[in-house]
Amino acid sequence: MPLNHSEIRAQFPSLSVVDNKQPRIYLDNPGGTQVSQRVIERMTQYLINCNANDGGKFRTSLDSDALLAEAHQAMAALLNAPSPSEIVFGNNMTSLTFSFSRSLAHLFKPGDEILLTRMDHEANISPWLQIACECDLNVKWLDFSIETYRYEMETLSQLLSNRTKLVAVNYASNALGTINDVKTISAKAHSVGALVYVDAVHYLPHGCTDVQDIGCDFLACSPYKFCGPHQGVLWGKAELLEQIQGYNVRPAMNYLPTKFETGTQNHEGQAGSLAAVEHLVWIGKTMAQEYHEQFAGYSESTKYIYSAMTAIKDYEEKLSYRLINGLQAI
Ligand SMILES: Cc1ncc(COP(=O)(O)O)c(C=O)c1O
């Protein structure tokens, strides 16, 4: 069955809101998306049925822990991460990147280089500039061509050296729409021993994000950009997350992902993020069967998520062409 737009739209209560008898039209998708009833219900049910802190041996805490584990599992399926313990939830991508930059700073010494880009969102620039300043690191900049709006791989190769310790790069640009070849960028960075931190906030709502295929070390995204609540998610390779220092308080456990999930988390937000992934699973399972074979090598959940993402992408592409052609004709 192809995408059933009216059935999907019916899942979003905010699409029925009317102002002065006019249906509301939402045009600020880059700033954040609307949420489905499923997200609202998961968040409400969390607050009604299992509102508790973690680690308690009583009903609500046990239920809460189970749900948070499910949320980590769902996010791992979304990113095709090998393990849910590699998923770190936080307030938003910016805060996660700031605290994570402090954790990574311990690996660097004065004179080391970090490579940032001229196409990235500030959230993947300022945190790194700050540690560069604090740790006396040299910053190099990867610019993009103003003809193609792409990075040139030759320029990247010239900038990388065995002093480069980190490459922070965007998967897609929220300003230009460019989708970057983060797989090649990761391979090039690794060839000189640098770590790779990918900002996937803008890409993830529009395509399949597979951290194992990209081969990066860390990747961050924001559920509120893909029909979830205001949350941030960071994925990192387990062996690296285990090595580096977590910024947390003393009684916090030193195992993953708790080590990086500072303080009491936004549990209802995680419940909502889980539902945002469930929404994709529902679309993939019931409306995107034609794509299942393409993703047969993945886990059941990832197969449905990627099928949904691909069906949505195909539809969005048609809409985008229509928009671009229409605008050009005016
Ligand atoms: C490409 C990109 N990266 C990072 C961010 C920051 O994300 P957050 O709002 O989760 O901190 C944004 C927000 O708009 C973005 O568009």
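Of the 330 residues of this protein, 42% count as buried; a residue is buried if 20 or more other C-beta atoms lie within 10 Å of its own, exposed if 12 or fewer, and partly exposed in between, with C-beta atoms placed from the backbone. The model is a predicted one, in which local features need pLDDT of at least 70 and side-chain atom pairs count only at pLDDT 80 or more, while totals for chains, interfaces and linings use all residues. Residue numbers start from 1 along each chain as its sequence is written.

Let me turn to overall dimensions. A compact globule of 330 residues would have a radius of gyration near 20 Å, and the protein, at 20 Å, agrees with that. The radius is taken over C-alpha atoms, and the globule rule is 2.2 Å times the number of residues to the power 0.38. Along the principal axes, the C-alpha atoms fill a box of roughly 65 × 60 × 45 Å.

The secondary structure comprises 11 helices and nine strands. Helices (H or I, at least four residues) and strands (E, at least two) are DSSP runs, numbered from the N terminus.

I shall begin with strand 4, residues 113-117, where five of five residues are buried. Glu 113, Leu 115 and Thr 117 point one way, and Ile 114 and Leu 116 the other. In a regular strand the side chains alternate between the two faces of the sheet.

Which strands pair with strand 4? Two strands pair if DSSP finds at least two bridges between them. Strand 5, residues 138-142, pairs with strand 4 in the parallel sense over five bridges, and Leu 115 has Lys 140 as its bridge partner there.

Strand 7, residues 195-199, pairs with strand 8 in the parallel sense over three bridges, and Val 198 has Leu 219 as its bridge partner. Strand 9, residues 232-236, pairs with strand 8 in the antiparallel sense over four bridges, and Val 233 stands opposite Cys 221.

Next, the ligand. The residues around the ligand include His 121, Asn 170, Asp 199, His 202 and Gly 232, the criterion being a C-beta atom, placed from the backbone, within 6 Å of the molecule. By class, this shell has three nonpolar, eight polar and one charged residues. Here Ala, Val, Leu, Ile, Met, Phe, Trp, Tyr, Cys and Pro count as nonpolar, Asp, Glu, Lys and Arg as charged, and the others, Gly among them, as polar.

Finally, some backbone details. Most residues other than glycine have a negative phi, and most peptide bonds are trans. Asn 20, in the loop between strand 1 (18-19) and strand 2 (22-23), has a positive phi of about 45°. Asn 20 counts as exposed because it has 4 C-beta neighbours inside 10 Å. Lys 21, in the loop between strand 1 and strand 2, has a positive phi near 65°. A cis peptide bond, with omega about -5°, joins Leu 256 and Pro 257.
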